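Please keep the coordinates open while reading.

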Amino acid sequence: MANANVIDISYFQDSSKLDWQAIKDAGIEAVIIRAGYGKTQDTQAAAHIANANKYGLKWHLYHYWYNMGGEAEFAVQNAKSLGLTSSQYLFLDMEDKSLPADWNGQFAVFRKAVGDIFQVGLYCSDSPYKAKFQDSQLQQLKVYRWVASYSYEPANYDMWQMSGAGSGGFGKYTADIDRDFDKSRRLIADSEPQSPDKQPIVPPTLTTDMPYIRGIVSQPGFDTESGIWGYGYSPDNGEHFYVNDTVFGRKYRQKDADRLWPYLKDFVSEQLASAVSLDWNNIKNKPDVALKSDLPVVPTDLVHTAELEKVKSDVTQAKQDAAQAVANTESAKVTIDTSNIHQIKKPSEYSEGFSYELKEVSALIPDRSNLDSTAQDGFQAIVTTEVCKGYARQTLKVIDSQRPLTFIRNGYGSTWYPFELVTTW
């Protein structure tokens, strides 16, 4: 069997927890990163790209397809914002059960949106690939064929996804990471070298016999402190690169304020002085002479000392109550456990009270074929478990389906009763 030389990852793998050195040491040479799904950017995409660059791994992107209006155009713009270049691949991931039957037509819409901006690839399982696409046509169109099959090697593919759930991890990271085999190694070779206008500026190795070369101004690259991509500068031949302009707006640092302060301090000092100083000459529209009889008489019996003290006491108590309410709110924040989305626990394995977990729907409800087709959508769910005196109630809310789906079941001890669909349509 072929050895994996590529992996594919998304927000299900926390980039800060991945053992990137172990991934590289295992012979992985390229990473395919989920750029987005529908019209949403993957929250881990930028971090995965930064780490792939840091560890010298080639990277490409894929988009999970829902066939939404304007989704193809979003996928292209999203890939641009993440720094994908014309020599890299943008794959369309076609696997969602909600997709209409005409997969070839939908893929044509995607290819038209991409044009010659990026290299184009297609991902799907071997069975729908053979049923919905013509292999010779895709080869003629130079589409990179990424085909998934976990029990056998597909007959037609450029890259083979060999394993999914149950693959295991690398090094200290033990959760599942999909393995892939790039047969022709085009994902590794085609992006070499990557376009310099989208890559981090690589500093030269400075030696005593190499003088200062030049400062870098208004060039694209990755910030050496935060890893964010944008336009910036370097005062030391690229050894340190500071991004100023990003897709999120302009970035400022303390040293920027320090540079501006000499030009602002006189103005700020004048404004402060005029705000805190008050003398007779500064008062506007004042009479030439102010007599005692001109001053208003202030009643002395409107507020008594005891009443004033009561108001002060009430204000103090209100502040204490508000502080306690904030503290209670902070302590009540919910944490969702995402450590193992495939694990199924018995009712007795949950602690008394409430717990919240991210789970794969198929792990808890393996078969939804008896339900309406719209109730079979979605792969991920937030599971809430309420336990009291050994009795448990579990609510499963699917979060990546178009229709809001909620299932519920009861349990006791080591037994769960079947889930029931409670969402109304």
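1. What is the order of the strands in the open sheet of 4 strands? The model is predicted. In it, the sheet runs β10-β11-β12-β13, and the pairing is antiparallel. The edge positions belong to β10 (216–222) and β13 (249–250). Each has a single partner strand, so one side of each is left without a neighbour in the sheet.

2. Look next at the β13 end. β13 pairs with strand β12 (residues 242–246) over 2 bridges, in the antiparallel sense. Aspartate 245 has arginine 250, in β13, as its bridge partner.

3. Serine 218 has a relative accessibility of 57%. It counts as exposed because the cut-off for that class is over 50%.

4. Asparagine 67 sits in the loop between β4 (58–64) and α3. Its relative accessible area is 33%, so asparagine 67 is classed as partly exposed.

5. Helix α3 spans residues 71–81 and contains glutamate 71. Is glutamate 71 buried or exposed? Glutamate 71 is buried, yet it has no salt bridge. The nearest side chain of opposite charge is lysine 39, at 7.7 Å. A salt bridge would need a side-chain nitrogen within 4 Å of a carboxyl oxygen. Leaving aside neighbours within four places in sequence, the contacts of glutamate 71 are Gly38, Lys39, His63, Tyr64, Trp65 and Tyr66.

6. Which residues have the most contacts inside the largest nonpolar core? They are Leu61, Met94, Phe107 and Phe133, in a core of 50 residues. A second, separate core has 13 residues, including Ile32, Tyr62, Tyr89 and Tyr123.

7. Beyond its neighbours within four places in sequence, methionine 94 is in contact with Trp65, Leu99, Trp103, Gln106, Phe107, Leu122, Tyr123, Cys124 and Phe133. Phe107 and Phe133 are also among the residues with the most contacts inside the largest core. Trp65 is in contact with glutamate 71 too.

8. Last, cysteine 388. This residue lies in strand β16 (residues 380–388). Its relative accessible area is 48%, so cysteine 388 is partly exposed. Tyrosine 412 is 24 residues away along the chain, and the two C-alpha atoms are separated by 10.0 Å.

Definitions and conventions:
Residues numbered from 1 in each chain as written. Predicted model: local features only at pLDDT ≥ 70, side-chain atom pairs only at ≥ 80, totals over all residues. Heavy atoms only, no water. Core = buried A, V, L, I, M, F, W, Y, C linked by side-chain atoms within 4.5 Å. Buried < 20%, exposed > 50% of the residue type's maximum accessible area, 1.4 Å probe, protein only. Contact = heavy atoms within 4.5 Å. Pairing = 2+ DSSP bridges. Lys, Arg positive; Asp, Glu negative; His and termini not counted.
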